[in-house]
Amino acid sequence: MPTFLPTRVTRPARLLPALVVALLAAAPGAGVESPLPAQADGWVAFEGTWSAAGQRRTLKAGDREAVTTYLSGTLTILRGEGFRKGFRGEAIGYSDGAGFGAGTLVLTDDRGDQIFSDLREQASPGGTVYAATIRGGTGAYSRIEGQLSFRWRHLVSTPDGDVQGVTVGLAGRYRKPASDPRPAEAPQ
């Protein structure tokens with residue numbers, strides 16, 4: 001029968017968790033939303049993250065592969081004003097395997113209001129960037145306009161087409177045209 005000896009915990013080891021918590025609390029932006037300033041022309045910058053899962057279907061077309069992908073998951077606004085803090089993000093996209101990609105992204109908040117965006121794939125030296133043009137929405141987001149972009153990082157990709165991943169560097173800006181009579185809603 002194995003014998004277990006008591007482990008002596010030193011004082012510095014006992015203080016380590018408290019030190020880590022204190023350092024995290026003192027870090028810029030830790031635990032507190034740091035709103036990005038609105039620009040003079042009405043644009044509001046925002047940053048977020050989106051983790052999603054879905055299905056990918058591939059069709060061999062000679063030396064290329066055409067791909068359709070459906071993704072759904074949680075998009076969280078980390079910095080910025082005027083948006084709700086969480087959305088269900090759903091996207092469907094198509095890539096022809098030769099550098100052309102397009103799709104649609106729909107964000108739905110907890111009240112059911114939606115934001116509609118057109119996606120396009122753009123090749124860049126650091127990998128593919130997905131850019132979206134915000135083209136309107138419903139409810140609080142009607143007449144909204146703007147842009148956002150991100151890189152997609154696959155975390156899981158199975159042979160049957162299941163995919164999961166997260167965005168890297170999701171950021172953008174939006175505004176409501178001055179002719180919109182409704183005031184912007186405060187984030188909740």
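**View 1. Confidence along the predicted chain.** pLDDT is the predictor's confidence in each residue, on a scale from 0 to 100. In this predicted model, the mean confidence is lowest in helix 1 (residues 11-26), at 34, whereas strand 4 (residues 101-108) has the highest, at 97. Over residues 1-37 the pLDDT stays below 50, and this stretch has 16 contacts in the model beyond near neighbours in sequence. Where pLDDT is low, the predicted coordinates should not be read in detail. For the protein chain taken as a whole, the average pLDDT is 79, and 73% of the residues score at least 70.

View 2. The eight strands close into a barrel in the order 1-2-3-4-5-6-7-8, with antiparallel pairing. From one strand to the next, the twist averages 25 degrees. Of the contacts in the protein chain between residues at least 6 apart in sequence, 48% join residues at least 24 apart.

**View 3. Strand 2 beside strand 3.** Strands of a sheet pair through backbone hydrogen bonds, either parallel or antiparallel. Here strand 2 (residues 64-79) and strand 3 (residues 86-95) pair in the antiparallel sense, and 10 bridges link them.

View 4. Strand 5 (114-122) and strand 6 (129-137) form a hairpin with six residues between them, and in its turn G127 has a positive phi of about 120 degrees. The two strands pair in the antiparallel sense over seven bridges, and L119 stands opposite A132 in strand 6. Strand 6 also pairs with strand 7, again in the antiparallel sense, over five bridges, where the bridge partner of T133 is Q147 in strand 7.

**View 5. The largest nonpolar core.** The largest nonpolar core has 24 residues, of which F46, W50, F83 and F87 touch the most other members. Strand 1 (44-61), strand 7 (145-157) and strand 8 (162-175) are among the elements that give two or more residues to this core, and strand 1 gives the most, with four residues. In the protein chain, buried residues make up 30% of the 188 residues. The accessible surface of the chain comes to about 11600 Å², and 59% of that surface belongs to carbon and sulfur atoms.

Technical notes
Residues numbered from 1 in each chain as written. Predicted model: local features only at pLDDT ≥ 70, side-chain atom pairs only at ≥ 80, totals over all residues. Heavy atoms only, no water. Buried < 20%, exposed > 50% of the residue type's maximum accessible area, 1.4 Å probe, protein only. Contact = heavy atoms within 4.5 Å. Areas by Shrake-Rupley, 256 points an atom, 1.4 Å probe, with all protein chains shown as cover. Pairing = 2+ DSSP bridges. Axes fitted to C-alpha atoms, helices over the stretch in contact; angles between N-to-C directions. Core = buried A, V, L, I, M, F, W, Y, C linked by side-chain atoms within 4.5 Å.
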